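Reader: I would like to learn how to read strand pairing in a model, and then how to read the surroundings of a ligand. Could you take me through it step by step?

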Amino acid sequence: MPVYSNSRLQTYENCPQQFKLKYIDRIKPPEGEEGIEAFLGTRVHDVLEKLYKELILTKLNPLEDLLEFYRTEWDKNWHENVVVVKKNFNKDHYYHTGIEAITNYYKRHHPFSQSKTLSTEHLVTFKIEDYSIQGYIDRLSHVGDGVYEIHDYKTSGFLPAQDKLDSDRQLALYQIGIKEKFRDAKDIYLKWHYLVFDKEFTSTRSDAQLKDLKKEVLSLIKTIEKDQSFKPVESNLCDWCEFDLYCPAKKHEIKVQDLPRNKHLKERGVSLVNHYASVKSKIRRLQDEAQQLQLELDLIEEAAIEYARNEEVTTITGSDYALRISEKMAYQFPRSNEEGREELEQFVKKAGIWEDVSGLNLARLQKCIDDEELDKKIRDRLLKFAEEIEKINVRLVKKREEE
Ligand code: SF4
């Protein structure tokens with residue numbers, strides 16, 4: 001039975017394909033490449049870990065020593081494959097962000113007596129039914145009298161809203177583990193330190209909320225375990241994805257992106273897409289033209305009807321063709337979405353003639369099946385009428401702007 005963690009669950013929610021490549025296929029990402037945000041995060045975490053770990057044994061490092069440790073660790077770990085994706089930012093911007101974050105944190109909390117640190121990088125494990133959940137708490141501390149704090153350090157460049165944190169899953173999961181481990185835990189506070197902004201947030205969870213969370217997580221795990229297709233979900237996160245080389249949605253792009261222009265255009269896939277796009281655009285042009293021509297035809301029809309009335313004829317003769325004009329009275333009922341349609345449908349149903357005039361909408365039926373909206377028994381019986389076929393959909397999409 002695999003072990004789940006918040007980051008695994010989040011990976012699946014962001015992109016099921018990435019989850020598959022990382023945790024099921026266990027593909028090793030190409031060596032070396034690392035986003036500078038992650039690099040900065042690790043360096044700052046290391047400093048705070050040193051600070052609190054040594055505080056457990058009463059050693060209080062001066063700020064200067066911690067900054068020196070940060071500088072040494074930064075230089076020691078820096079490698080040429082640390083990538084700065086953000087335009088107009090460089091290594092120094094991130095380096096100084098770390099210095100400022102540590103300094104502000106230190107000054108705000110010195111002499112660090114707000115609570116007693118129990119451990120750093122604290123492994124928490126627990127079970128939801130048969131599934132094991134685990135995670136690492138940046139810092140676990142005890143305020144006294146059964147009051148615990150779960151601390152999480154963030155170096156991200158954006159601040160979340162309080163309500164986001166009030167529904168955050170990661171620390172709430174840790175709370176479940178801590179409650180199980182420390183039987184004296186009466187109150188547990190979840191604390192986020194947004195170091196770049198020198199801002200802190202606190203939240204709590206009730207027993208009822210934790211119970212609901214367990215249910216949600218269980219349902220998500222079951223969805224993951226049922227998944228057969230692990231669809232790639234493209235988003236901005238692809239820029240940081242280490243598996244694009246293996247991802248069916250991205251690997252062709254990676255394969256052709258550095259080809260010289262003449263080779264790029266000749267590559268079979270590129271030429272197929274270009275040809276497809278050009279035919280599709282021709283179709284669109286022709287459809288626009290057809291629409292214009294239809295408008296013209298409607299106008300000619302109106303003129304011909306008027307002509308026939310004036311001349312009191314039912315046929316107008318041209319060079320090779322003739323126009324026959326016949327008049328008869330007909331009824332026009334409101335179309336769907338038109339006023340009166342709903343009342344009409346209700347009346348038809350009441351009158352008991354619905355079955356005589358309505359037809360089965362297969363597209364809607366398919367949607368009900370896909371959305372799993374139907375009662376399972378009905379769905380199963382309906383599916384007995386259907387033949388399972390492989391349906392492949394080809395869709396032309398615009399590449400993202402920066403590409
Ligand atoms: S490149 Fe994008 S779509 Fe592909 S696995 Fe990574 S995140 Fe998912």
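Predicted model: local features only at pLDDT ≥ 70, side-chain atom pairs only at ≥ 80, totals over all residues.

**Strand pairing and the ligand shell**

Author: Thr117 stands opposite Ser141 in strand 5.

Reader: In which sense do strand 4 and strand 5 pair, and over how many bridges?

Author: Strand 4, residues 116-128, pairs with strand 5 in the antiparallel sense, over 11 bridges. The hairpin of these two strands has 2 residues between them, and Glu129 there takes a positive phi near 50 degrees.

Reader: Which other strands pair with strand 5, and in which sense?

Author: Strand 1, residues 3-4, pairs with strand 5, residues 131-144, in the parallel sense over 2 bridges, and Tyr4 stands opposite Ile133. Strand 6, residues 147-154, pairs with strand 5 in the antiparallel sense over 5 bridges, with His151 in strand 6 as the bridge partner of Arg139. In the hairpin of strand 5 and strand 6, which has 2 residues between the strands, Asp145 takes a positive phi near 55 degrees.

Reader: How many residues lie between strand 7 and strand 8 in their hairpin?

Author: That hairpin has 4 residues between the strands, and Asp198 takes a positive phi near 55 degrees. Strand 7 (residues 187-194) and strand 8 (residues 199-203) run antiparallel and are joined by 5 bridges, and Trp192 has Phe201 in strand 8 as its bridge partner.

Reader: Turning to the ligand, how many residues surround it, and which are the closest?

Author: The ligand is surrounded by 15 residues, of which the closest are Cys15, Pro232, Cys238, Cys241 and Cys247. By class, the shell divides into 10 nonpolar, 2 polar and 3 charged residues.

Methods:
Residues numbered from 1 in each chain as written. Pairing = 2+ DSSP bridges. Near = placed C-beta within 6 Å. Nonpolar A, V, L, I, M, F, W, Y, C, P; charged D, E, K, R; others polar.
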